[in-house]
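User: I'm new to reading protein models and I'd like to go through one with you. Could you show me how to read its features one at a time?

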Amino acid sequence: MGGVFVLRKPRNGNKCRRFDRCNTMRQRETELFSEETRMITRERRRVRRRRRKSFFLDMILLFRTCSSNILFLSLLLLSSSSSVFSNNLSPRNQTLRPLEELNKLKSIHQHLGKINKPAVKTIHSPDGDIIDCVLSHHQPAFDHPRLRGQRPLDPPERPRGHNRRGLRPKSFQLWGMEGETCDEGTVPIRRTKAEDILRANSVSSFGKKLRHFRRDTSSNGHEHAVGYVSGEKYYGAKASINVWAPQVQNQYEFSLSQIWIISGSFGNDLNTIEAGWQVSPELYGDNYPRFFTYWTNDAYQATGCYNLLCSGFVQTNSEIAIGAAISPSSSYKGGQFDITLLIWKDPKHGNWWLEFGSGILVGYWPSFLFTHLKEHASMVQYGGEVVNSSPFGAHTSTQMGSGHFAEEGFTKSSYFRNIQVVDWDNNLVPSPNLKVLADHPNCYDIQGGSNRAWGSYFYYGGPGKNPKCP
């Protein structure tokens with residue numbers, strides 16, 4: 001059978017009569033067949049990819065809880081699944097990674113469903129925030145078992161000696177500057193978006209401070225310049241706080257100025273109530289100074305949160321949004337702008353109330369949230385705090401206050417003025433024994449004083465990294 005070939009009929013219908021020509025035709029057919037095989041393989045891969053995308057889109061639709069976030073989540077999931085399948089991963093990893101993403105997105109959606117309540121009205125702020133006007137008894141606080149089915153309390157008696165004159169809150173919150181308001185019986189709540197939670201380390205850590213201890217130079221990267229009083233029983237505090245827009249070096253740091261109401265030890269049982277302004281790119285996604293609140297009863301371990309991101313603080317005001325941007329802010333050698341905050345314990349019911357500006361009640365922390373603060377505070381602090389993550393092995397350049405040291409004074413440094421405390425008989429009294437302390441005075445410092453116009457006051461702040469603070 002040597003030299004005998006079994007020939008196929010050529011595709012052009014002609015018979016093969018010569019060996020050389022037939023061999024050439026067979027090679028051409030082989031090449032065509034290989035090309036067809038490659039085209040079929042490519043098409044099968046495209047079909048598989050389409051099926052994968054279709055599967056993930058179906059899963060997104062399954063987990064969808066609100067139409068406002070679906071586009072963002074779809075793009076996020078398709079992006080992550082594309083990167084998974086384009087890499088040279090083992091089949092096991094290719095199976096687990098998309099499921100992990102889906103579980104994370106499902107967890108985010110569930111959390112958003114808890115804290116974003118149905119809105120009676122929605123307002124779009126110039127800074128990109130969405131403000132939902134929510135029925136006051138539907139706000140997150142009333143998810144707490146002790147508050148479920150109740151309604152906000154009526155205003156309490158204010159401390160004696162309190163001056164209620166001042167600006168209305170719509171004058172210094174961006175979302176209300178164009179005349180937008182929430183109706184009586186509702187409270188304005190800044191809507192949380194999926195991307196806000198994704199900036200956090202985890203869903204469980206979203207809206208929480210890291211555990212740390214104040215006035216301790218080894219305090220897990222948290223640095224302070226504060227004035228404080230201690231040694232007595234305190235039932236509240238008041239101060240006017242200069243508002244600035246300090247530069248924050250990276251997303252994982254913040255800069256704030258606030259009042260702390262403190263009781264318990266600086267251990268696992270620390271109780272705090274906090275309010276002021278802060279710049280926090282991780283929490284808010286921008287660098288605006290924002291009005292905020294915080295509380296914890298176990299030293300920042302498991303309880304408490306910022307603003308209304310968990311059940312706790314009960315908002316009663318329809319004009320001010322906790323977590324919304326403050327405007328204007330102070331400028332170096334220019335106009336100065338401050339806000340007045342008053343926190344005090346209601347003598348009748350024992351709840352801790354918050355006033356923003358002068359005469360505008362924001363709401364209250366129910367007394368049952370706390371252990372030691374059920375009775376009174378043992379310390380009050382006023383001042384600034386930053387997170388120093390030591391980027392690149394050096395001190396952060398995140399600014400505190402204005403970013404300038406205390407010695408520069410008015411129009412250049414940040415300040416607290418008219419610092420007072422509330423005594424056992426619900427009286428506002430000066431703080432003559434105010435002490436000042438800076439954890440790292442070469443980075444951020446503080447200088448106190450007293451006069452007739454400002455009462456007890458101090459200047460504080462700094463640039464962070466500088467030749468004396470490497």
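User: Let's start with strands: which residue stands opposite isoleucine 123?

Analyst: First the idea: strands (E, at least two residues) and helices (H or I, at least four) are DSSP runs, numbered from the N terminus. Two strands pair if DSSP finds at least two bridges between them. In this predicted model, isoleucine 123 faces isoleucine 131 in E2. Four bridges join E1 to E2 (residues 130–135), and the two run antiparallel.

User: And what order do the strands of that sheet have?

Analyst: The order is E1-E2-E3, an open sheet of three strands with antiparallel pairing. Its edge strands, E1 (121–124) and E3 (186–190), each pair on one side only.

User: Before we go on, what should I know about the numbering and the rules used here?

Analyst: Residues are numbered from 1 along each chain as its sequence is written. The model is predicted, so local features need pLDDT of at least 70 and side-chain atom pairs count only at pLDDT 80 or more, while totals for chains, interfaces and linings use all residues; side-chain values use heavy atoms, with hydrogens and water left out.

User: OK, salt bridges next. How many does a search of the whole structure find?

Analyst: Here's the general idea: side chains of opposite charge can pair when their charged atoms come close. The cut-off is a side-chain nitrogen of Lys or Arg within 4 Å of a carboxyl oxygen of Asp or Glu. The search finds 14 of them. One joins lysine 117 to aspartate 143, with the closest N and O atoms 2.8 Å apart. Lysine 117 sits in the loop between helix H3 (91–115) and E1, aspartate 143 in the loop between E2 and E3, and the two are 26 residues apart.

User: Is lysine 117 buried or exposed?

Analyst: Buried means under 20% relative accessible area, exposed over 50%, and partly exposed in between (1.4 Å probe, protein chains only). Lysine 117 has 15%, so it is buried, whereas aspartate 143 has 33% and counts as partly exposed.

User: Which residues are linked in a network of salt bridges?

Analyst: Asp127, Asp129, Arg190, Asp286 and Arg290. Arginine 290 meets aspartate 129 at 2.7 Å, N to O. Arginine 290 lies in strand E8 (residues 290–296) and aspartate 129 in the loop between E1 and E2, so the pair ties together parts 161 residues apart in sequence. Arginine 290 also meets aspartate 286, at 2.6 Å from N to O. Both arginine 290 and aspartate 129 are buried, and aspartate 286 is buried too.

User: Now the rings. Why is the pair of tyrosine 457 and tyrosine 459 called edge-to-face?

Analyst: A pair of aromatic rings is described by the distance of the centres and the angle of the planes. Rings of Phe, Tyr and Trp (its six-membered ring) pair if their centres lie within 6.5 Å; planes under 30 degrees apart count as stacked, over 60 as edge-to-face and the rest as tilted. The structure holds 20 aromatic pairs. For tyrosine 457 and tyrosine 459, the centres are 6.0 Å apart and the planes at 75 degrees, so the pair is edge-to-face.

User: Which residues do ring pairs link into a cluster?

Analyst: Phe410, Tyr415, Trp454, Tyr457 and Tyr459.
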